[in-house]
Amino acid sequence: MSLATGTLSYLRFLAETVPAAFEVPYCDAMHEQRFRDIDADGDLEQARGWVAWDDVFAAEFDPTTLVSASGHLLLRMRVDTLKVPTVTLKAYTEQAGRERARAANRDRLTKRELDALKLEVKKRLRKRSLAKLQLVEADWNVQTGEVRLLSTSKATATAFVELFEKTFALKLLPVGLRNVLWLRGFQPEELDRLDALEPERFHLIPA
Amino acid sequence: MNAAARDRFAFLGREFLTWLWFEAETNKGAVDTPTFGPVRVDFGQRLTLETGGNVREGSTIQAEMPLLVEESRVALRTGKKVARARLVLEVGERTFQFGLDAESLTLAQVKLPTVLSTEDAPRVDERLLLLDELEAMVDEMYARFVRLRSDAKAWGPVRDEMRRWVAAPAPA
């Protein structure tokens, strides 16, 4: 899903106010929290971080173009997942187990040997696997604080909020039925009045 | 807003979408907004009605014109309210189509009016402006409903009219 084309599904958030002269520190913070490739020799199954809006392999951010003339900061979070599918791991482990047992002139390996072999096979397969790449776009209006995340997945939203708050040191709240009214100019006393409301029953026969 | 607060006001979202249906049907298909004037509201092919509370009961109506299907009205009569709908908003010559979830105000499968720019950057800018416009329309209609709903004097007659509307058969 992309802001540039097609249909859009998204979640709305509200960020705290940005500080003055935020452009340079934000570029540095985004670079600090940039996407870093998953090390196939390690154990990490998922990596996420910021990438440049126009280049998924770059993480250099320019303070002079960070925010558009209309006050929007476009964000792109890259999430890579390197996970050997369970079925694949099982099949390769069974095959390796048979070969090893045959070489040792035995019928089968012990459970402990099989567990160790599974780890070995997993490491080998990880090096041959390609990480699944996911790109998630977001738009942050730094003037109003409104943020749109182009995803409706709860897991993606959690990951995004975590990365956003860590990077910019600002709280991000979901826009809901109450705070959207604040965004549209409701006064505190008007919002307080909502607390007294109870659900209406439209299906009752009118008097 | 935390989850508890979201749940506390979930009924307002469902009432809003139900009121929007009522307004669209009884006010020549248009809802007045402060910024855009009258916005033409139409419901698309899919409508989900649900009861509130912990034990949810739902009905999903899939039809060319779901508001004219008697099952939709029957669902209202059994205490269900609109939980999700596919909406079509028209303002001037622009048409926006999207799905709206009443409890979270999440917009899904948003189809924006055609943009003129072909280059990526201005195209995104143009689409962001259209999204701003769409959100403002939805929020303003919701704010109008909430103002009405929280004014006991103004709301009473509307509620009674809505009850009569629910009890009446769907328009032919």
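**Exercise 1. How many residue pairs are in polar contact between chain A and chain B, and what does the side of chain A that touches chain B consist of?**

*Solution.* The structure is a predicted model, in which local features need pLDDT of at least 70 and side-chain atom pairs count only at pLDDT 80 or more, while totals for chains, interfaces and linings use all residues. Residues are numbered from 1 along each chain as its sequence is written, chains are lettered from A and ligands numbered from 1 in the order in which they are written, and side-chain values use heavy atoms, with hydrogens and water left out.

Step 1. Between chain A and chain B, 24 residue pairs are in polar contact, both residues being at pLDDT 80 or more; a polar contact is a pair of N or O atoms within 3.5 Å, where within protein one must be able to donate a hydrogen and the other to accept it, and residues adjacent in sequence count only if both atoms are side-chain atoms.

Step 2. Strand 1 (8–15), strand 3 (72–81), strand 5 (146–149), strand 6 (172–174), helix 5 (179–183) and helix 6 (188–194) of chain A each supply at least two residues of the side that touches chain B, where helices (H or I, at least four residues) and strands (E, at least two) are DSSP runs numbered from the N terminus. Strand 1 of chain A gives the most, with five residues.

Step 3. By residue class, this side of chain A divides into 21 nonpolar, 13 polar and 12 charged residues; Ala, Val, Leu, Ile, Met, Phe, Trp, Tyr, Cys and Pro count as nonpolar, Asp, Glu, Lys and Arg as charged, and the others, Gly among them, as polar.

**Exercise 2. Find the area buried between chain A and chain B, and the residues of chain A that supply 20% of its share.**

*Solution.* The contact (heavy atoms within 4.5 Å) takes 46 residues from chain A and 49 residues from chain B. The buried area, which is the accessible area (1.4 Å probe) that two parts lose on being put together, summed over both, is about 4300 Å², and carbon and sulfur atoms give 59% of that area. Leu177(A), Glu200(A) and Phe202(A) supply 20% of the area that chain A buries against chain B, more than any other three residues.

**Exercise 3. Trace the salt bridges, across the interface and within chain A.**

*Solution.* A salt bridge is a side-chain nitrogen of Lys or Arg within 4 Å of a carboxyl oxygen of Asp or Glu. The whole structure holds 32 salt bridges over all chains, and seven are found across the interface of chain A and chain B. Glu190(A) and Arg147(B) meet through their side chains in a salt bridge at 2.8 Å, N to O. Within chain A, Glu146(A) forms a salt bridge with Arg12(A), with the closest N and O atoms 3.9 Å apart; this pair links strand 5 and strand 1 of chain A, 134 residues apart.

**Exercise 4. Which strand of chain B is joined to strand 1 of chain A?**

*Solution.* Strand 6 (residues 107–111) of chain B runs antiparallel to strand 1 of chain A, and two bridges join them, which meets the rule that two strands pair if DSSP finds at least two bridges between them. Tyr10(A) stands opposite Leu107(B) in that strand of chain B.
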